[in-house]
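Me: I have a protein model open and would like to go through some of its details. Could you help me read it?

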Amino acid sequence: MKTHHTRTAAIVDRISDASLVIIGAIHATVLAVTMLLAFTATQAKAEAPAKTCGGNNLMQKFAADNPERFAAIESEAAKVPFGEGLLFKLEKDGSAPSYLFGTMHMTDPRVISLPKAAQAALDGADIVAIESTEILDPAAAQVALMAKPELTMFVDDKRLSDFLNEEEKVVLAKNLAERGMQLALIDRMKPWLLTGMFALPECEFERKQAGEPFLDLALAQSAEKDGKELVGLETLIEQFDAMASLPMKFHVKGLIDTLALGDTVKDVTETMIILYTEGKTGTVWPMLRAVSDMAGQTDTASSEGYAQFEETMVNTRNKTMLKRSTPLLERGNAFIAVGALHLPGENGLAQLYKDAGYTVTAVQ
């Protein structure tokens, strides 16, 4: 099995499988969902990884230990527009119906297994749109990222350690040592890359390194195999530019808070997978905020950072996805598959399609 040192070297030296994964990472008073780039050497296959990564369902824990908190989460989730369901039928006069489907960028077997209705919608579609088609061509993704190294690495005289106080350096060094790494090896990496690396369960990373496709990649491969038109709604560079535009202070705080969570990160991941398979996308954010409160990570500055994150990484991208997918919907019979957390909410894609004149119906 690959050592952590080897894994880090693969991340730094071989940008060969750029897969963007949405994972829960605690950031102060709220949970900011950070973007994870799993740069893995797909040529070097790992041993067969575990099928599940473990972790506890935090919703069950809240229900048993803190019924009031559980009720508050459920109450908040019930108010989220389009907060139930992963598949929505989009209808408008003048074109054939299309579908909007929420994905989770993971390889977990529970995620990869498509609901029957979603599989039927995919099979019957003429056009399949995903966030970025570059996931199908690691070499092209590598070239694109190498053209703008400043998005993932410090290219000037700055280092990650320059943005940490002494206490934070100790926390980071300790966590790195537990993984067989040294600060000097990763000091040039942008902190949000490390946040994603520490937030990703070990067995999930191993599955990716073993070449197992995450859901979005599986959908793209299926579309290609069936000869369907495959379209990307964003580019990898656009996604990275958005993440890199957020303040360094925000990224550093997110990294340290994620490290402070320890094994709770595995519980967060497991809970998100369960909520995803149940189609409860509107419950994810309330659950994450509850975990954040439980961890005592609350302050005004962090709330402001989260608001900027939400606007940059969710709301703005939703508008871009709407604009670029509309011509596909006008042609009809399209299958739009994007991260599930882009679907719910007042600024979510489902609501944006409704505002644009489409009848949006959840498909159970």
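This is a predicted model: local features need pLDDT of at least 70, side-chain atom pairs count only at pLDDT 80 or more; totals for chains, interfaces and linings use all residues.

Me: Let us begin with disulfides. How many are there?
Reply: The count comes to 1 disulfide. It is formed by C53 and C203, whose sulfur atoms are 1.8 Å apart.

Me: What is a disulfide, in general?
Reply: It is a covalent bond that links the sulfur atoms of two cysteines.

Me: Where do C53 and C203 lie?
Reply: C53 is in the loop between β2 (30–37) and α2, while C203 belongs to helix α10 (residues 202–209), so the pair ties together parts that are 150 residues apart in sequence.

Me: Is the disulfide left-handed or right-handed?
Reply: The torsion about the S-S bond of C53 and C203 is about -110 degrees, so this disulfide is left-handed.

Me: And C53, buried or exposed?
Reply: C53 counts as buried because its relative accessibility is 15%, and the cut-off for buried is under 20%. C203 is buried as well, at 9%.

Me: You mentioned α2. At what angle does it pack with α15?
Reply: Helix α2 (residues 58–65) and helix α15 (residues 281–294) pack at about 65 degrees, and their axes are 11 Å apart. The crossing of α2 and α15 is left-handed.

Me: Which residues meet there?
Reply: From α2, the residues are L58, M59 and F62; from α15, they are T283, M287, A290, V291 and M294. By class, this contact of α2 with α15 has 7 nonpolar residues, 1 polar residue and no charged ones.

Me: New topic: where is T107?
Reply: T107 sits in the loop between β4 (95–103) and α4 (109–112). With a relative accessibility of 3%, T107 is buried.

Me: What does its side chain touch?
Reply: The side chains of T107 and R207 are joined by a polar contact of 2.6 Å. Neighbours within four places in sequence aside, the contacts of T107 also include E204, K208 and F214.

Me: What about H342?
Reply: H342 is in the loop between β7 (334–339) and α17 (349–355). It is buried, with a relative accessible area of 2%. The side chain of H342 makes a polar contact of 3.4 Å with the side chain of R317.

Me: Last one: how far is A72 from P286?
Reply: Their C-alpha atoms are separated by 8.4 Å, although A72 and P286 are 214 residues apart along the chain. A72 is in helix α3 (residues 67–78), and A72 is partly exposed, with a relative accessible area of 43%.

How values were computed
Residues are numbered from 1 along each chain as its sequence is written. Side-chain values use heavy atoms; hydrogens and water are left out. Helices (H or I, at least four residues) and strands (E, at least two) are DSSP runs, numbered from the N terminus. Buried means under 20% relative accessible area, exposed over 50%, partly exposed in between (1.4 Å probe, protein chains only). A polar contact is a pair of N or O atoms within 3.5 Å; within protein, one must be able to donate a hydrogen and the other to accept it, and residues adjacent in sequence count only if both atoms are side-chain atoms. Contact means heavy atoms within 4.5 Å. Axes are lines fitted to C-alpha atoms, for helices over the stretch in contact, and angles run from 0 to 180 degrees between N-to-C directions. A crossing is left-handed if the near helix is turned anticlockwise from the far one by less than a right angle, and right-handed if clockwise. Ala, Val, Leu, Ile, Met, Phe, Trp, Tyr, Cys and Pro count as nonpolar, Asp, Glu, Lys and Arg as charged, and the others, Gly among them, as polar. A disulfide is a pair of cysteine sulfur atoms within 2.5 Å.
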